[in-house]
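Have the sequence and the 3D view ready.

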Amino acid sequence: MAATLLAACTGPGEAGPDGTVPQPFAACTPFTGGVTTTAPAVTPEVTGSPAPDAASARPAVTSPSAIQGAVVPTTGNDGPIATLPTSAAPRTNGTASTSSAPTPRGRARVISLPELTLECMAGGDAVRLSTLRGPLVINLWASWCAPCRQELPAFQRLADSGRVPVLGVVTEDGRDAAAWLADELKVSLPSVYDRSGGLKAAVGENLLPLTLFVGADGRASVYRDVALTDQTLAQLVEHHFGRP
């Protein structure tokens, strides 16, 4: 009974009765020390995430933000962390899966990565964003963001495919909440921690998810639209990097 009551009081992303928080993320070694990121020449078949199936005792990650179309403030262990959208306005045809590559609303923007150093979720050396070079995909996400939950597995499968490196950025979220969600979705791609949302602010966007396609010169094309699928993400990778 005591365990049941404790579990019921455990908020989204907090540890269960045993106090154990999963650590699903891979090391950020390929992205530290100004190392140029390059994808392997061989293109293996896309498979499911290799991340281990972790604790079944993990409390469900639920919140009012799961309501489609809602824009509500969220809170974490450290107090209010963001005002979040949970869905983007639908495309004209009602779906993001089209025969051509999706395009962001408004004018496509290209930015330089900011002079910002972020801690790796797996520990070890921090990642200095301004030193990163492509081809590279950077995905900003949070556990409270419903579209992020929808598209994160596609980014993991892209990382597993070896076609292009993928770096996650946990944005305006708690470490534990992000770890629980990644564990639930079997997402293990290297991720850095941006509690204050510094990268999102530098990009000039207020909403998540947000994806950056970084070229060899370190400049990034900004994608902010509906949640990506395997198909639409592959189309954007081919569009930006010429990698089918």
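Val-166 touches Phe-31, Leu-136, Val-137, Phe-155, Leu-158, Ala-159, Leu-189 and Pro-190, leaving aside residues up to four places away in sequence; contact here means heavy atoms within 4.5 Å. This is a predicted model, where local features need pLDDT of at least 70 and side-chain atom pairs count only at pLDDT 80 or more, while totals for chains, interfaces and linings use all residues. Residues are numbered from 1 along each chain as its sequence is written, and side-chain values use heavy atoms, with hydrogens and water left out.

**Val-166**
- You'll find Val-166 in strand E7 (strands, E, are DSSP runs of at least two residues and helices, H or I, of at least four, numbered from the N terminus).
- Val-166 counts as buried because its relative accessibility is 4% (buried means under 20% relative accessible area, exposed over 50%, partly exposed in between, with a 1.4 Å probe and protein chains only).
- Phe-213 is 47 residues away along the chain, yet its C-alpha atom and that of Val-166 are separated by 9.6 Å.

**Strand E6 and its partners**
- E6 (residues 136–141) is largely enclosed by the rest of the structure, because six of its six residues are buried.
- On one side of E6 sit Leu-136, Ile-138 and Leu-140, on the other Val-137, Asn-139 and Trp-141, and all of them are buried.
- E6 runs parallel to E7 (residues 166–171), joined by five bridges (strands pair if DSSP finds at least two bridges between them).
- Val-137 has Val-166 as its bridge partner in E7.
- E6 also pairs with E9 (residues 210–214), this time antiparallel, over five bridges, and there Ile-138 partners Leu-212.
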